[in-house]
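Hi there,

Here is the structure we talked about passing over to you. Have a look first, and my notes follow below.

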Amino acid sequence: MRVLSGIQPTGRFHWGNYFGAIRQYIELQHEHEGFYFIANLHALTTIRDPQRLSQLTLDAAIDLLALGLDPQRATLFIQSDVPQVSQLTWILMTCTPMGLLERCHAYKEKKERGLTADAGLFTYPVLMAADILAYDSNLVPVGQDQVQHIEVCRDLANSFNHHFSPVFVLPEARILSNAAKVPGTDGEKMSKSYNNTIEIFEDLKSQRKKIMRMQTDSRPMEQPKDPESDHLFQLYRLMASPEEIEQMAALYRRGGFGYGEVKKALADVAERYFAEARRRRAELEKDPDTVRDILQEGAARAREKAAEVLQRVEQACGISAATVTTSNALPQ
Ligand code: ADP
Ligand code: TRP
């Protein structure tokens, strides 16, 4: 059973990315063969600054390793290091009805807002399908927002299999638990687009400052509060021990405390929770050769698998080098 997931390097990872996605992908490496990649070709649809894109790509790889992705267990690589994926994208595009892509939400929303979209954004789901199908992936862990893209991938694989021959493995989506819909500094869903994120590896001093400035509700301090409905508590419970969570919940129910205390406790548990990952990150940053080796080895493994699948596909649709030379060969 092969698990595959990709994450775009469109910004530094925040707590929402970690608790909503990354932590869950990483856990799956213990149960299944894992392929994880940094989706820099997808990120090219939004980032047009070359230095920023390459820095964010490397940062994303280092972050994943520091957060526990183990290159002995799982294969970590950069999407663009596997050219077979782009080749497969073209082949899949020739079997993709326009209507299918017109219904996809990223493109549809942009169009509805009156913005111009490029062909990259329009065909984004086909590239994503190629990412998945190129490695015979069985299981794809994704957030709810990506489920539509897995459906597109299954549709394309099914229609190719039906039209030519059954070369593609049909993947299943594993929808990540949304119990961890992580709130941001303003209480809304944490997201780069809302400017309310707390980055995992943000400098500790500025992280603490950001936490101390978080919005809170305006109820008087004496009033007892329901902990579950408060975003400071929702964040605290992700990183505190069961005893600490119990004590904090009791404090909320009793009332008569200041949010400053909660914020300080939140900054403390966050610092402790990610301390080991910060230490590992600092070590990896000092050792770019090791990171490069890991990514190169990962890419080599991924290319090997993708080349095998692409060969099957090319044979099925009549463009494999072997078929073309044989059928076009002039009689001796
Ligand atoms: P952003 O909203 O900051 O642009 P992305 O869309 O790049 O984040 O998200 C990457 C992954 O992280 C997705 O799988 C998404 O479901 C997950 N994720 C992002 N923000 C949150 C959040 N606040 N709570 C839970 N999961 C999240
Ligand atoms: N589109 C995904 C996102 O924005 C990232 C991604 C690209 C992906 N290719 C993938 C996820 C293949 C799973 C499988 O989150």
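**What turned up around the ligand**

An oxygen atom of ligand 1 sits 3.2 Å from an N or O atom in the side chain of Asn17, where a polar contact is a pair of N or O atoms within 3.5 Å, and within protein one must be able to donate a hydrogen and the other to accept it, with residues adjacent in sequence counting only if both atoms are side-chain atoms. Before you read on, please note that this is a predicted model, in which local features need pLDDT of at least 70 and side-chain atom pairs count only at pLDDT 80 or more, while totals for chains, interfaces and linings use all residues. Residues are numbered from 1 along each chain as its sequence is written, chains are lettered from A and ligands numbered from 1 in the order in which they are written, and side-chain values use heavy atoms, with hydrogens and water left out.

Backbone atoms take part as well: a polar backbone atom of Val182 is 2.9 Å from a nitrogen atom of ligand 1, and a backbone N or O atom of Gly16 lies 3.3 Å from a nitrogen atom of the ligand. The protein buries 83% of the 540 Å² that ligand 1 exposes when taken alone (accessible areas by the Shrake-Rupley method with a 1.4 Å probe; for residues, only the protein chains shown count as cover).

There are 14 residues around ligand 1, and His14, Val182, Met190, Ser191 and Lys192 come nearest (near means that a heavy atom of the residue lies within 4 Å). By type, the shell holds 4 nonpolar, 6 polar and 4 charged residues (Ala, Val, Leu, Ile, Met, Phe, Trp, Tyr, Cys and Pro are nonpolar; Asp, Glu, Lys and Arg are charged; the others, Gly among them, are polar).

**The chain as a whole**

The C-alpha trace spans about 95 × 45 × 35 Å along its principal axes. Of the 332 residues, 48% count as buried (under 20% relative accessible area; exposed is over 50%, partly exposed in between, with a 1.4 Å probe and protein chains only).

An automatic or database domain assignment gives domain 1 (2-181 + 287-328) and domain 2 (202-273). Their C-alpha centres lie 37 Å apart, and 4 residues of domain 1 are in contact with 8 residues of domain 2 (contact means heavy atoms within 4.5 Å).

Best wishes
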